[in-house]
Amino acid sequence: MGIPSLDVIDHIHVYVADRAAAETWYRQVLGLIRVASLEFWAADGGPLTLQNDDSSVHLALFQKANVQYRCTVAFRVSAPAFCAWRDHLSQCETAWTVADHQVSMSLYFADPDGNPYEITTYDYAEVRDLLAHN
């Protein structure tokens, strides 16, 4: 019997010290909004689920201070969106760095709780050219 297939990432657990502040940050910086139908999960320590407009990205915010482990969440975008994200993060006063991976280009940044994120594109040549002219 083989390994069952996976369809998509359903959601990612993110640990934050202040869930209300984190929800505001995720709305302002990533455009994620609360999933009203899943708000009941947030009671008694469960996750507060956030999603993007078309419900293709889901984060589950857990309020837990001083979590010792972290994982990087990476979102794939097109070349024009990559440049738009770079500008958007700057406007949000969120520190970021660019990494050239020779086949992809990535923006790295963190939320206020130190959870690392990556915006990556495989439209490498196009982004390299766009960045060279900006």
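Trainee: How many aromatic pairs does a search of the whole structure find?

Mentor: The search finds 7. Rings of Phe, Tyr and Trp (its six-membered ring) pair if their centres lie within 6.5 Å, and planes under 30 degrees apart count as stacked, over 60 as edge-to-face and the rest as tilted. Phe75 and Tyr117 make a stacked pair, with 6.2 Å centre to centre and 5° between the planes. This pair links distant parts of the chain, since Phe75 sits in strand β5 and Tyr117 in strand β8 (residues 116-121), 42 residues apart. Phe109 and Tyr117 are stacked too, at 5.9 Å centre to centre with 25° between the planes. Trp25, Tyr26, Phe75, Phe109 and Tyr117 form one aromatic cluster.

Trainee: Before we go on, what kind of model is this?

Mentor: It is a predicted model, in which local features need pLDDT of at least 70 and side-chain atom pairs count only at pLDDT 80 or more, while totals for chains, interfaces and linings use all residues. Residues are numbered from 1 along each chain as its sequence is written, and side-chain values use heavy atoms, with hydrogens and water left out. As for pLDDT, it is the predictor's confidence in each residue, from 0 to 100. The protein chain averages 90, and 99% of the residues score at least 70. Among the elements, β5 (residues 73-76) has the lowest mean pLDDT (89) and β2 the highest (98).

Trainee: Why does Phe75 count as buried?

Mentor: Buried means under 20% relative accessible area, exposed over 50%, and partly exposed in between (1.4 Å probe, protein chains only). Phe75 counts as buried because its relative accessibility is 16%. Tyr117, at 1%, counts as buried as well.

Trainee: Which residues have the most contacts inside the largest nonpolar core?

Mentor: A nonpolar core is a set of buried Ala, Val, Leu, Ile, Met, Phe, Trp, Tyr and Cys residues joined through side-chain atoms within 4.5 Å. The largest one here has 28 residues, and Val14, Tyr26, Leu61 and Tyr117 have the most contacts inside it. Helix α1 gives the most to this core, with 5 residues. For contacts in general, the rule is heavy atoms within 4.5 Å. Leaving aside neighbours within four places in sequence, Val14 is in contact with several residues, including Tyr26, Leu61, Asp111 and Tyr117.

Trainee: In what order do the strands of the open sheet run?

Mentor: Helices (H or I, at least four residues) and strands (E, at least two) are DSSP runs, numbered from the N terminus, and two strands pair if DSSP finds at least two bridges between them. Here 4 strands form an open sheet in the order β1-β4-β3-β2, with mixed pairing. The edge strands, β1 (12-16) and β2 (33-34), each pair on one side only. β1 pairs with β4 (residues 58-63) in the parallel sense over 5 bridges, whereas β3 and β4 are antiparallel over 4 bridges. Leu61 in β4 is the bridge partner of Val14 and also of Leu48.

Trainee: Is β4 mostly covered or mostly open?

Mentor: Mostly covered: 5 of its 6 residues are buried. Helix α1 (residues 19-30) lies across β1, β2, β3 (48-51) and β4, running at about 155° to β4. For that angle, axes are lines fitted to C-alpha atoms, for helices over the stretch in contact, and angles run from 0 to 180 degrees between N-to-C directions.
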